[in-house]
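Have a look at the structure first, then read on.

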Amino acid sequence: MTSSGTSSSSRATNAGTPRPGGTGPLAGRTVARIGYGAMQLERLHSDRTAAVGLVRRAVDRGVDHLDTAQFYGDGFVNEVIREALRPTDDVVVVSKVGADSDPGGPLPLRPAQRPEELRASVEDNLKSLGTDRIAVVNLRRLDTGPGLRAEGDQVVDLDDQLAELTRLREEGKIGAIGLSSVTLDGLRRALPAGIVCVQNAYSVVSRDDEDMLRLCTAEGIAWVPYFPLGGAFPAMPKVADEPAVHTVAEALGVTPAQVGLAWLLHHAPNVLLIPGTADPGHLDANLAVGGIALDESSLAALDAVRSRSADVPLG
């Protein structure tokens with residue numbers, strides 16, 4: 001795990017492994033454009049060895065951007081990452097705050113938006129990851145996108161949250177600040193805090209945030225879409241249901257999921273992918289997406305897919 005502020009323009013990692021998907025900037029670092037979202041490691045809770053092995057497989061194949069959270073598996077995912085990474089691995093680990101685990105609740109998460117809760121979540125992440133500094137911490141707002149909504153004392157002003165995260169950055173506990181599930185107005189308000197990445201639900205079938213993506217591109221902010229294939233909740237559209245996606249996949253001899261991820265890489269230069277999986281073969285298929293070339297006709301067909309909202313509140 002690294003907290004270094006150094007940068008490199010190399011298309012290969014320090015170990016000489018090509019970075020899948022090429023490279024892009026993140027918080028002053030150069031990382032692979034295809035990283036790994038660790039949320040699905042929860043599914044391997046009963047097989048810790050397999051979970052650790054999957055993270056190692058990703059890193060050994062050039063992944064140097066891992067996305068996690070303390071509330072993934074109530075700390076289990078962070079502990080797996082801690083066990084899997086070696087001191088020599090030059091990996092940017094990104095975590096997030098704004099929710100806490102709630103195993104006994106109607107959803108596995110509960111909002112944790114108050115400044116003191118954000119600080120406590122950062123401390124929990126530091127402990128479970130076994131580090132004294134997290135390269136990037138994303139503030140998960142509850143303003144938009146699928147999932148939780150804030151109520152009561154969990155409705156917190158963005159400026160108060162950013163002030164707390166800025167203090168944590170000044171203390172050296174976090175290296176940089178990102179945003180998740182944020183609105184366009186929220187991002188504009190947050191820009192003076194030095195935002196390095198935005199994570200919103202976004203895919204070829206859900207492009208509500210095109211204006212925000214353009215702003216991120218202009219400001220040099222990494223765009224890290226979650227639910228890049230849609231379909232995480234029943235009401236959300238799914239990339240794999242689109243005839244145009246299937247047509248392109250069949251022509252190229254790849255899967256619809258690979259086409260959906262490849263479109264994201266082609267769509268904007270600041271896109272960094274963090275597809276998640278608990279299966280080694282699926283991981284390899286995700287990392288192979290960087291080698292998929294989409295010609296102008298394929299891109300035009302995919303761009304023409306009707307966009308439907310991914311804004312599905314659950315609470």
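The largest pocket holds about 960 Å³ of space. This is a predicted model, where local features need pLDDT of at least 70, side-chain atom pairs count only at pLDDT 80 or more, and totals for chains, interfaces and linings use all residues. Residues are numbered from 1 along each chain as its sequence is written, and side-chain values use heavy atoms, with hydrogens and water left out.

**Pockets**

- A pocket here is an open set of points on a 1 Å grid over the protein atoms alone, where a 1.4 Å probe fits, with protein on both sides within 12 Å along at least five of seven lines; lining residues have an atom within 4 Å of a point.
- Volume is the space filled by probe spheres set on the points, which are joined across faces, edges and corners.
- For the largest pocket, 40 residues make up the lining, and Met 39, Tyr 72, Tyr 226, Phe 227 and Ala 232 lie nearest its centre.
- That lining splits into 21 nonpolar, 13 polar and 6 charged residues (Ala, Val, Leu, Ile, Met, Phe, Trp, Tyr, Cys and Pro count as nonpolar; Asp, Glu, Lys and Arg as charged; the others, Gly among them, as polar).
- The second largest pocket has about 200 Å³ of space.
- Its lining has 14 residues, with Thr 13, Ala 15, Val 59, Asp 89 and Asp 90 nearest the centre; by class there are 4 nonpolar, 4 polar and 6 charged.

**Aromatic pairs**

- The whole structure has 4 aromatic pairs (rings of Phe, Tyr and Trp, the last by its six-membered ring, with centres within 6.5 Å; planes under 30 degrees apart are stacked, over 60 edge-to-face, the rest tilted).
- Tyr 202 and Trp 223 pair edge-to-face, at 5.5 Å centre to centre and 90° between the planes.
- Tyr 202 sits in the loop between strand S10 (195–199) and helix H6 (210–219) and Trp 223 in strand S11 (residues 222–223), so their pair ties together parts 21 residues apart in sequence.
- Tyr 226 and Phe 227 have ring centres 4.9 Å apart and planes at 80°, so this pair is edge-to-face.
- Tyr 202, Trp 223 and Trp 263 make one aromatic cluster.

- Tyr 202 is buried at 1% relative accessible area and Trp 223 at 0% (buried is under 20%, exposed over 50%, partly exposed in between, with a 1.4 Å probe and protein chains only).
- Tyr 226 is buried at 15%, while Phe 227 is partly exposed at 22%.
- Buried residues of H6 are Glu 210, Met 212, Leu 213, Leu 215 and Cys 216.
- After H6 comes Gly 220, with a positive phi near 70° (helices are DSSP runs of H or I with at least four residues, strands runs of E with at least two, numbered from the N terminus).
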